[in-house]
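Please look over the sequence and the structure shown here before reading on. The report that follows takes up a few features in turn.

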Amino acid sequence: MKRYNRLFVAAGITAAAVLLALTLLPERPKAVRETRIRSTQSPKASRASRFGRVEYYQRLLRDPATGRIPEDIRRRELAFARNLPRAEQRLAKGSAAQFTWKSAGPTDVGGRVRALAVNISNSSTVLAGSVSGGIWKSTDSGATWALKNTPGQNLAVTSLAQDTRSGHTGTWYYATGEFDGSAYDRGARAFVYGAGVYKSTNGGETWTELPWAQGDNNPTAWSYPTNYISRLVVHPSNGYVFVASHAYGIFRSTDGGASWGYVLGGVNQGNFHYYADVALTSDGRVVAALSNSYWGSSTSSFGGIYVSSNYGGSWTDVTPSTFPSSHERTVLGCAPSNPDIVYTMTYAGGSGTGEDVRYHKIDLSDAANNADRSANMPALDMNMEG
């Protein structure tokens with residue numbers, strides 16, 4: 001009897017253990033019935049689904065003017081697509097990544113190339129000017145170069161221009177002197193002293209320093225207009241030469257550099273403008289930029305952007321209303337395709353971050369179209385000097 005009692009107890013314990021184990025097992029997930037998406041083209045698709053598909057494509061492809069899908073549109077669409085330029089064709093026309101670049105020289109010679117010009121009469125002839133290396137000339141598209149300065153001439157080239165008039169293409173000019181440039185001495189930025197304007201009448205083979213523009217030979221003083229010239233341009237209609245002088249403003253020669261006149265700036269004295277620039281529109285107007293910062297003070301009422309329609313005889317202030325109230329160097333760019341459009345990039349001073357660089361589009365025909373496009377500028381760590 002006792003044996004049966006023990007078996008009964010053991011069977012009960014086993015049953016209880018099995019029941020407990022079954023209770024603790026995780027619940028088996030219930031089968032989830034997937035929602036079946038039926039194609040609208042399926043024979044089993046509902047009538048509403050099929051009509052919905054037709055309505056969707058009709059709204060997507062219809063002509064908004066007529067409310068109908070144009071006849072034969074698929075064939076016309078494919079024919080149009082075949083005439084579209086391919087990606088590689090677009091890149092070949094508009095991306096520098098498709099070009100192979102290599103150094104054209106001259107090699108083993110120091111100095112930054114700041115001025116470069118291709119002879120309008122012969123594209124194989126190229127002249128290059130270095131801030132500390134003088135004028136170099138190549139007659140074989142850059143394969144070989146030759147220095148065209150003599151030892152006694154100033155080598156601080158900042159700008160270079162050709163007289164492009166018929167019968168005058170052998171005449172060239174270059175300007176000298178970089179203010180607050182990239183030269184360094186004992187950790188400090190140094191001025192690259194200039195000595196005025198040089199002229200060549202034999203295609204850049206030999207150069208002569210123009211008397212008025214010789215400077216005062218004093219690299220420590222700003223006492224002469226041509227100590228530091230940032231830009232030189234030659235008017236294609238009459239050969240007038242314009243120079244942008246740091247500290248002074250804009251000067252003009254109407255006789256090939258024999259004499260010069262002061263045509264734009266605060267006063268005809270030094271240290272009135274830190275920076276200046278000059279450019280020509282495609283229809284012959286002269287555009288100039290003057291900084292309102294100058295030596296010994298912070299602002300000048302003569303700073304801004306100006307345009308002349310009579311070769312520098314008179315000037316009109318076209319400074320945009322959104323131009324920075326305090327501005328240092330401005331560089332100019334005239335659109336070749338539209339003589340009314342001028343672009344300006346301006347360093348407004350400060351820490352040299354991108355927030356201090358301003359970019360404007362100026363419409364010379366209608367100031368209402370001027371645009372401040374500074375927001376499109378990338379962050380730049382720069383100080384536009386020199």
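## A pair across two strands

Val-233 has Phe-242 of strand 12 standing opposite it. The model in which this pair is seen is a predicted one. Strand 12 covers residues 241-245 and is joined to strand 11 by five bridges, the two strands running antiparallel.

## The largest nonpolar core

Fifteen residues make up the largest nonpolar core, and those with the most contacts inside it are Tyr-173, Val-197, Leu-232, Val-243 and Trp-260. At least two residues of this core are supplied by each of strand 6 (172-176), strand 11 and strand 12, and the largest share, three residues, comes from strand 11.

## A nonpolar patch on the surface

Turning to the surface, a nonpolar patch is formed there by Tyr-56, Tyr-57, Leu-60, Leu-61, Ile-69 and Ile-73, which together have about 570 Å² of accessible area. Helix 2, which spans residues 47-61, gives the most to the nonpolar patch, contributing four residues; Leu-60, one of the residues that form the patch, is found in this helix.

Technical notes
Residues numbered from 1 in each chain as written. Predicted model: local features only at pLDDT ≥ 70, side-chain atom pairs only at ≥ 80, totals over all residues. Heavy atoms only, no water. Patch = residues over 30% accessible without salt bridge, like charges linked within 9 Å, V, L, I, M, F, W, Y side chains within 5 Å. Areas by Shrake-Rupley, 256 points an atom, 1.4 Å probe, with all protein chains shown as cover. Salt bridge = Lys/Arg side-chain N within 4 Å of Asp/Glu carboxyl O. Pairing = 2+ DSSP bridges. Core = buried A, V, L, I, M, F, W, Y, C linked by side-chain atoms within 4.5 Å. Buried < 20%, exposed > 50% of the residue type's maximum accessible area, 1.4 Å probe, protein only.
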